[in-house]
Every structure is written in C-alpha cells, then in structure tokens.
Amino acid sequence: MIGKLKGVLTEVDGTTGLVETASGVSYLVYLTPALLALNPHSEVDLYTYLQVRDDALVLFGFEHKRQMELFKLLTTVPGVGPKSAYGIVSFTKADELRQAIQDNDIDFFTHIPGLGKKTAMKIILELAQKLKEDFTMDKVQMSDDDKVVIDALVSLGFKTQEARQIQTKIPKDLSIEEKIKAGLRIATSHKK
C-alpha cells in the first residue's frame with residue numbers, strides 16, 4: 001500500500017498529475033484543486049490512498065491526513081465510490097462537511113458536482129451515525145408544511161441553515177401559520 005508520496009510535481013493533466021520521486025519513478029495521482037494549482041516542478045508531500053480495481057490501480061493524493069481520513073469515511077457510505085468521495089473532499093473542508101451533516105443540509109451536498117439529492121441523504125444518514133451527531137430522521141424527511149415554514153422564514157430574512165435549525169425546534173402539531181409564529185418566537189428568544 002502506498003500511504004505517502006514525496007517528490008516533484010512534474011506534469012498536470014486535467015485532474016491528475018505526475019509526481020516524480022527521488023528514485024526517478026513517476027506516479028500518476030489524482031490531485032485536489034489546491035494541488036493542481038501548484039506551480040510546475042513544486043515539491044509535494046502527499047498522503048495517498050490506493051484504490052485497487054480489477055482493471056487498474058488508482059492513486060488519490062491529499063494535502064493533509066485529515067482530508068484523507070474524511071475521504072475514507074465517505075467511501076464507507078453505500079453508493080459513494082472513491083471518485084465521488086474524492087470530489088467531495090476536493091470541494092469542501094472537513095469542518096464545513098461536519099457542519100452540513102450536523103445541520104442535515106442536503107443543499108450543501110447537492111452543490112458539489114456529481115452529487116444528487118439521494119446520495120446527499122445517504123451521506124447524511126450514514127455519517128451522522130458514524131460521527132455521533134445529534135440526528136433524527138424527521139429532520140431529513142420534512143413534511144410539505146415544514147418546507148413552507150422554512151421558505152417563510154427565509155423570505156423573512158433568515159439564512160436557509162438558520163431556518164432549518166429553527167424548524168427542528170417547532171412543535172409538529174401546529175398549523176402552518178402557528179409554526180411560522182412559533183419559529184419567529186424561537187428565533188427572537190435565541191437572539192436575546
């Protein structure tokens with residue numbers, strides 16, 4: 001297993017680059033946008049993950065260990081392969097991802113190229129349990145009334161993430177109008 005790779009980034013082609021080691025061997029590695037932005041012939045010291053397939057050995061490079069660990073965690077989600085997981089860690093930061101999971105923020109994931117709503121829900125469901133975050137299924141599967149309440153709160157000036165957090169604290173047995181009023185009361189009580 002290739003766990004770390006140190007050398008010179010000699011060529012970049014699309015999302016991959018050639019890293020030449022001191023021994024003269026060049027490895028073809030998938031690189032994050034930050035690594036792709038490096039100047040040619042830059043020294044790199046990468047954490048790596050080797051995917052073994054029937055038809056190829058694929059090497060993914062990471063800027064730091066935490067990014068690689070997040071990648072490995074994402075690959076444990078059914079339906080999320082190494083390329084999807086790599087795309088997620090390439091376009092997000094670990095703290096942002098953890099917050100999105102904690103907030104059950106499906107929109108955060110659907111803005112990542114190649115991820116749809118179903119995969120986003122799977123990621124939240126699987127990783128919320130693994131990260132031991134406060135989580136309930138009804139936060140992900142909102143009723144139409146709850147969506148209306150969130151839209152109303154957003155139209156009143158709240159950010160989507162704030163509106164979702166407020167919505168989770170509103171009693172379920174209220175009418176839409178009562179839920180919006182309760183949401184405003186909750187929001188104002190937190191700002192005091």
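I count a residue as buried under 20% relative accessible area, as exposed over 50% and as partly exposed in between; on that scale Lys-4 is partly exposed, with a relative accessible area of 44%. I keep in mind that this is a predicted model.

Salt bridges. I searched the whole structure and found three salt bridges. Lys-4 pairs with Asp-45, their closest N and O atoms being 3.7 Å apart. Lys-4 belongs to strand S1 (residues 4–13) and Asp-45 to strand S4 (residues 42–52), so this pair ties together parts that are 41 residues apart in sequence. I noted Asp-45 as partly exposed too, at 38% relative accessibility.

I then looked at Arg-53 and Asp-55, whose closest N and O atoms are 3.2 Å apart in a salt bridge; Arg-53 is partly exposed at 33%, whereas Asp-55 is exposed at 64%.

The remaining entry is Glu-177 with Lys-181, at 3.4 Å between the closest N and O atoms. Both lie in helix H10 (residues 176–191), four residues apart, which means that about one helical turn separates them. Glu-177 is exposed at 53%, and Lys-181 is partly exposed at 47%.

Helix packing. I looked up helix H2 (residues 65–74) against helix H3 (residues 82–91) and found an angle of about 140°, with the axes 9 Å apart. Angles over 145 degrees would count as roughly antiparallel, and H2 and H3 are therefore oblique to each other. Their crossing is right-handed. From H2, Gln-67, Leu-70, Phe-71 and Leu-74 meet residues of H3 including Tyr-86 and Ile-88; I recorded the contact as eight nonpolar residues, one polar and no charged.

Key:
Residues numbered from 1 in each chain as written. Predicted model: local features only at pLDDT ≥ 70, side-chain atom pairs only at ≥ 80, totals over all residues. Heavy atoms only, no water. Axes fitted to C-alpha atoms, helices over the stretch in contact; angles between N-to-C directions. Helix = DSSP H or I, 4+ residues; strand = E, 2+ residues; numbered from the N terminus. Parallel < 35°, antiparallel > 145°, perpendicular 65-115°, else oblique. Left-handed = near helix turned anticlockwise from the far one by under 90°. Contact = heavy atoms within 4.5 Å. Nonpolar A, V, L, I, M, F, W, Y, C, P; charged D, E, K, R; others polar. Salt bridge = Lys/Arg side-chain N within 4 Å of Asp/Glu carboxyl O. Buried < 20%, exposed > 50% of the residue type's maximum accessible area, 1.4 Å probe, protein only.
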